[in-house]
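Hello,

Here is the structure I promised to pass on. Please have it open while you read the notes below.

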Amino acid sequence: GRRAAEGAVISWLRATAASIADRVAAPSDVLTTRELVRRYGDPGLKRSEVDPAWRRKHVITCRDGNGDRPSMPGVPTRFYFQVHRAVEPQMRAAFEAARHAAPDYVIERAGCFVFRHQRHDDTRPLSRHSWAIAVDVNADKNGARTFAPGKTPAPFSAAWAMAWPDGVPELFVTAFESHGFVWGGRWRGYCDPMHFEYAGPG
């Protein structure tokens, strides 16, 4: 039945977590700009705003009732969740797996597409959100922090729980990682637990 199926998903995710937890992710694990453009097009690298033709071609809206696709699993249906057309299936599968793996975790807000630079700093490259391939989950409870070298707490350790007491749970993270997403919570120095970006097969 449904409960047995959900149990199987959680068991598989726990087994997957063992290998993922040993890997320390870094920003270099994500796709390069050249690879992003090859896969997903150019949203406006030389522009101050998104290329409207690129947006019309590649960005779709997920919202029950009046979207291009139904709402993402677990994401409140009042939100217009916009995502790259090519990544929508992987994003949907990750949210569905996370919903089963961490059923008690409530997604209050999740944002994907926004044309901006990394960390809202115009001197930095475009954020992966500009390609609509990254999502921030419950930003108010999983906010990014900068740590001195060697001081970033290990994910889900006691120190981690003190920094993010209501943060995203481990099985939720593993569900996304198992579907090809890089989690910003594994980055050292600049740690961004709200952030998941797709870096799987194109």
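Which residue in S8 stands opposite Val135? Phe196 does.

First, the ground rules. This is a predicted model, where local features need pLDDT of at least 70, side-chain atom pairs count only at pLDDT 80 or more, and totals for chains, interfaces and linings use all residues. Residues are numbered from 1 along each chain as its sequence is written, and side-chain values use heavy atoms, with hydrogens and water left out.

Now strand S4, residues 134-137. Strands (E, at least two residues) and helices (H or I, at least four) are DSSP runs, numbered from the N terminus. S4 pairs with strand S8 (residues 195-198) in the antiparallel sense, over three bridges. S4 also pairs with strand S3 (residues 110-111), again antiparallel, over two bridges. Pairing requires at least two DSSP bridges between the strands. In S3, Gly111 stands opposite Asp136 of S4.

Side chains in a regular strand alternate between the two faces of the sheet. In S4, Ala134 and Asp136 point one way, and Val135 and Val137 the other. All four are buried (under 20% relative accessible area; exposed is over 50%, partly exposed in between; 1.4 Å probe, protein chains only).

Val182 belongs to strand S6, residues 181-183. Its relative accessible area is 7%, so Val182 counts as buried. Val182 and Ala134 lie 48 residues apart in sequence, and 9.2 Å apart in space, C-alpha to C-alpha.

Last, helix H4 (residues 88-101). Buried residues there include Met91, Phe95 and His100.

Best wishes
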